[in-house]
Amino acid sequence: MLNYSMLYPKTTVSRRAVSMDGMWKFHLDAMEIGEKEGWTEGLPGEERIPVPASFQDFYTEKDIREYAGDLWYEKDVFVPGEWEGKQILVRFGAATHRASVYVNGLKITEHEGGFLPFCADVTEIVRYNAHNKVVVKVNNELTVTNIPCGETITLSNGKKMAKPYFDFFNYSGLQRSVYLMAVPKESVFDIDLDYELCGDDAKVSYEIKTTGEHPVQLTLLDAEGNKTAEAEGKKGVLNVRNARLWNVHDAYLYRLVIRIMDENEVIDEYEEEIGIRTVEVQGTKILLNGKPIYLKGFGKHEDSDVVGRGFNIGVMKRDFELMKWIGANSLRTSHYPYSEEIYQMADREGFLIIDEVPAVGLFASLMNFMEASTGKKTAFFEKETTPILLQAHLKAVEEMIARDKNHPSVIAWSLLNEPDTSSKAAVPYFKEVFEKAHELDVQKRPRTFALIMNSVPGVCQCYQFSDIIALNRYYGWYVKGGYELVDAEELFRKEMDAWKDLNLDKPFIFTEYGADTLGEEHKLPSVMWSQEYQKEYLEMTNKVFDSYDFIKGEQIWNFADFQTTEGILRVNGNKKGVFTRQRQPKDAAYLLKKRWEELPLDYKG
């Protein structure tokens with residue numbers, strides 16, 4: 001079990017959470033001299049950088065943008081005297097891809113995995129009513145033993161370079177918020193919730209883990225603050241009369257207040273906004289609150305100008321407004337769990353999320369987007385390092401589910417993106433990952449993974465593990481593009497007929513499809529990369545989607561243009577966005593808006 005709580009930082013009657021965001025001292029360490037030179041006590045120089053943000057796009061030097069290796073952050077933080085007696089934590093929303101944390105010169109903790117939170121318990125070493133020095137050594141090198149996968153090479157000039165097995169830029173650093181927290185020594189550690197609908201009423205089953213033995217009280221408040229249910233004990237059921245359900249674009253949130261009590265005294269209090277809803281797969285249907293739904297939306301990235309993958313509250317707001325405008329109802333957090341604030345927003349706005357662990361690049365290719373449709377096999381799961389990778393993967397699944405399981409917006413777990421499933425060696429690996437997700441999630445949400453174009457019937461060894469079959473398909477772009485679009489459609493239908501013949505009795509969704517398009521490129525008749533071609537491509541794919549009853553969702557690649565590694569096949573990034581990187585619509589946005597606004601939520605239900 002995780003030895004740190006994944007609960008979001010909140011200030012309550014018993015807790016304090018103070019943001020450490022702002023300008024931090026910063027230093028690259030290409031020669032790896034930091035420890036030897038005493039940087040754990042404080043960094044040399046006066047360079048400052050914003051947190052949260054990726055470090056790469058602030059500077060004008062290419063050596064910094066492409067930097068791979070150790071990078072150091074430092075910030076002084078004042079710890080108030082009245083916090084004495086509490087547990088003092090420094091909580092990192094993420095450090096990409098691994099970090100070591102030092103406080104007042106002492107190493108407190110380290111963490112591997114760049115997209116999920118971890119805490120440094122500094123209770124024993126902080127100085128009260130004084131400033132304390134927090135120093136973080138982050139490393140952003142890619143390996144095949146951690147997710148996302150890739151390699152790190154050394155150039156002839158001695159500089160390291162990241163070579164991702166994935167098609168997005170290796171943004172890194174302290175990309176999410178950092179908090180200084182004080183929680184009671186006896187505190188709420190974890191919350192598990194499950195829902196059952198009983199006519200107009202609902203049962204909320206709960207289990208609360210705490211760090212002590214005192215009794216627990218729960219109170220459920222409606223949106224107006226009225227008490228609707230209460231219970232006592234660490235495990236039990238809240239009975240909710242006339243329950244208001246959480247629905248797509250009709251997101252009703254209750255407030256669950258959890259208190260650890262010592263007779264009449266509150267030892268700890270924590271609040272969680274919850275949505276009462278059920279999700280399950282039944283045959284080829286995806287059911288929300290027992291009713292069929294059809295997914296319309298996007299694969300996305302946390303990616304924007306200047307701050308890269310750093311959480312940006314303004315960009316988040318704009319993205320949700322554009323998704324509402326276009327008639328979308330869902331997104332996949334490709335290809336890593338996003339900042340927690342995005343899930344909170346989805347909870348509030350009534351968007352459905354397929355939550356994806358950072359298991360991307362499990363297909364050994366620096367250009368997997370090109371080789372995904374060539375039939376290439378990489379024997380990825382036959383490496384001697386695979387057992388190490390599996391442990392990192394399982395830990396990331398555990399952290400993701402622990403963090404995100406109580407968001408009503410999260411309706412499914414995506415456990416890998418575009419892995420090489422052509423070898424039988426993948427089967428035991430998949431079995432372990434899928435079983436772990438099922439075991440950890442009390443709600444038993446559907447599990448899936450995104451199938452690469454090589455993973456077709458007769459080749460893919462692992463689709464049977466998915467509750468929802470998720471396909472990434474690019475007929476008309478990487479396969480038979482341009483004037484050959486007519487043949488692309490034929491090949492597309494041929495594959496879908498082969499899936500149909502398997503009679504899997506499962507819902508299929510498209511988690512990727514799309515065509516690179518330059519926002520300024522118009523041409524009649526169309527050519528690939530033009531706005532006109534993107535629309536023709538979409539008209540073809542939409543026709544195919546509408547031809548098969550078992551297709552229950554479409555999430556286009558991508559919401560917006562995003563940064564990738566430079567190369568001759570990428571013009572300053574991936575241009576498959578329906579919106580530009582600056583969040584302005586391409587012509588295709590209007591085509592999708594018309595389609596998605598007309599498709600009912602229970603389309604093909």
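Which residues lie nearest the centre of the largest pocket? They are Asp190, Asp192, Lys209, Lys405 and Leu440, among 21 lining residues. The model is predicted, so local features need pLDDT of at least 70 and side-chain atom pairs pLDDT 80 or more, while totals for chains, interfaces and linings use all residues. Residues are numbered from 1 along each chain as its sequence is written, and side-chain values use heavy atoms, without hydrogens and water.

A pocket is an open set of points on a 1 Å grid over the protein atoms alone, where a 1.4 Å probe fits, with protein on both sides within 12 Å along at least five of seven lines; lining residues have an atom within 4 Å of a point. The largest pocket holds about 420 Å³, a volume being the space filled by probe spheres set on the points. At least two lining residues come from each of strand E13 (188-198), strand E14 (201-210), helix H5 (386-404) and helix H6 (426-440). Helices (H or I, at least four residues) and strands (E, at least two) are DSSP runs, numbered from the N terminus. The lining has 10 nonpolar, 2 polar and 9 charged residues.

Strand E23 (residues 295-299) is largely enclosed by the rest of the structure, because 5 of its 5 residues are buried (under 20% relative accessible area, 1.4 Å probe, protein chains only). Strands pair if DSSP finds at least two bridges between them. E23 pairs in the parallel sense with E30 (residues 551-557) over 5 bridges. Here Phe298 stands opposite Ile556. E23 also pairs in the parallel sense with E24 (residues 330-332), over 3 bridges. Gly299 has Arg332 of E24 as its bridge partner.

Terms used. Buried means under 20% relative accessible area, exposed over 50%, partly exposed in between (1.4 Å probe, protein chains only). Ala, Val, Leu, Ile, Met, Phe, Trp, Tyr, Cys and Pro count as nonpolar, Asp, Glu, Lys and Arg as charged, and the others, Gly among them, as polar.
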